[in-house]
Amino acid sequence: MALVCRGLRGATTARDNTKEAILEATHELLERLVEANDLKTEDVAATFFTTSQDLNAEFPAVAARQMGWEYVPLICGHEMNVQTGLPLCIRVMLLVNTEKRPEEMAHVYLQGAKDLRS
């Protein structure tokens, strides 16, 4: 199979709106995505982070930089403020270069975000 760019999704929740809680939750989420998909940093083409509106103490991208993602383009934003949205939620979409088929990609949902996807 040829090398293609595929999207990986994941989400988690932070325990509260603090720098430490956001970085800890994001770090765990990224580690689990890397492990579940056997990724190397150079496989990651770009990363998009969003948080629910109640998280603003730190950028989730800081956790990726702390993990050594020096050359990966990163961006952060807020999710739409939907009344039924999950509070304290951090979401990520990784664009990765891979030879895997779409059904082989492992999306990761942790903590309070487990119920977002089956």
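Predicted model: local features only at pLDDT ≥ 70, side-chain atom pairs only at ≥ 80, totals over all residues.
Residues are numbered from 1 along each chain as its sequence is written, and side-chain values use heavy atoms, with hydrogens and water left out.

**Asn37 and its surroundings**

Asn37 belongs to helix 1, residues 19-37. A polar atom of the Asn37 side chain also lies 2.8 Å from the backbone nitrogen of Ala106. Leaving aside residues up to four places away in sequence, Asn37 touches Leu8, Lys100, Glu104, Met105 and Ala106, where contact means heavy atoms within 4.5 Å. Asn37 counts as buried because its relative accessibility is 2%. Here buried means under 20% relative accessible area, exposed means over 50%, and partly exposed is in between, using a 1.4 Å probe and protein chains only.

Ala36 lies in helix 1 too. With residues up to four places away in sequence set aside, Ala36 touches Lys100, Ala106 and Val108. Ala36 and Thr51 are 15 residues apart in sequence, and their C-alpha atoms are 22 Å apart in space.

**The overall fold**

The protein chain holds two helices and five strands. Both kinds of element are DSSP runs numbered from the N terminus: helices are H or I with at least four residues, and strands are E with at least two. Read from the N terminus, the elements follow the pattern β-α-β-α-β-β-β.

The five strands form an open sheet in the order 3-2-4-1-5, with mixed pairing. Strand 3 and strand 5 (108-109) stand at the edges with a single partner strand each, so one side of each has no neighbour in the sheet. Strands count as paired if DSSP finds at least two bridges between them. As background, strands of a sheet pair through backbone hydrogen bonds, either parallel or antiparallel.

Strand 2 (residues 44-51) and strand 3 (residues 74-78) run parallel and are joined by five bridges. Within this pair, Phe48 stands opposite Ile75 in strand 3. Together with helix 2 (residues 61-66), strand 2 and strand 3 make a right-handed β-α-β unit. The crossover is called right-handed if, with the strands pointing away from the viewer, the path from the first strand over the helix to the second runs clockwise.

Strand 1 and strand 5 also run parallel, joined by two bridges. Gly10 stands opposite Val108 in strand 5. Ala11 lies in strand 1, residues 4-13. Not counting residues up to four places away in sequence, Ala11 touches Leu29, Cys89, Ile90, Arg91, Val108, Tyr109, Leu110, Ala113 and Leu116. Ala11 and His27 are 16 residues apart in sequence, with 11 Å between their C-alpha atoms.

**Two residues with positive phi**

Most residues other than glycine have a negative phi. Leu88 is not a glycine, yet its phi is positive, about 55 degrees. Leu88 sits in the loop between strand 3 and strand 4 (89-98). Gln111, also a residue other than glycine, has a positive phi near 50 degrees, and it is found in the segment after strand 5.

The table gathers the accessibility of the residues discussed.

| Residue | Relative accessible area | Class |
|---|---|---|
| Asn37 | 2% | buried |
| Ala11 | 0% | buried |
| Ala36 | 43% | partly exposed |
| Leu88 | 23% | partly exposed |
| Gln111 | 42% | partly exposed |

**The chain as a whole**

For 118 residues, a compact globule would have a radius of gyration near 13 Å, and the 14 Å of the protein chain agrees with that. The radius is taken over C-alpha atoms, and the globule rule is 2.2 Å times the number of residues to the power 0.38. Along the principal axes, the C-alpha atoms fill a box of roughly 40 × 30 × 20 Å.

Of the 118 residues, 38% count as buried. The accessible surface of the protein chain is about 6,900 Å², and 50% of this belongs to carbon and sulfur atoms; such areas come from the Shrake-Rupley method with a 1.4 Å probe, and for residues only the protein chains shown count as cover. Among contacts between residues at least 6 apart in sequence, 86% join residues at least 24 apart.

Key:
Polar contact = N/O pair within 3.5 Å; in protein donor to acceptor, adjacent residues only side chain to side chain.
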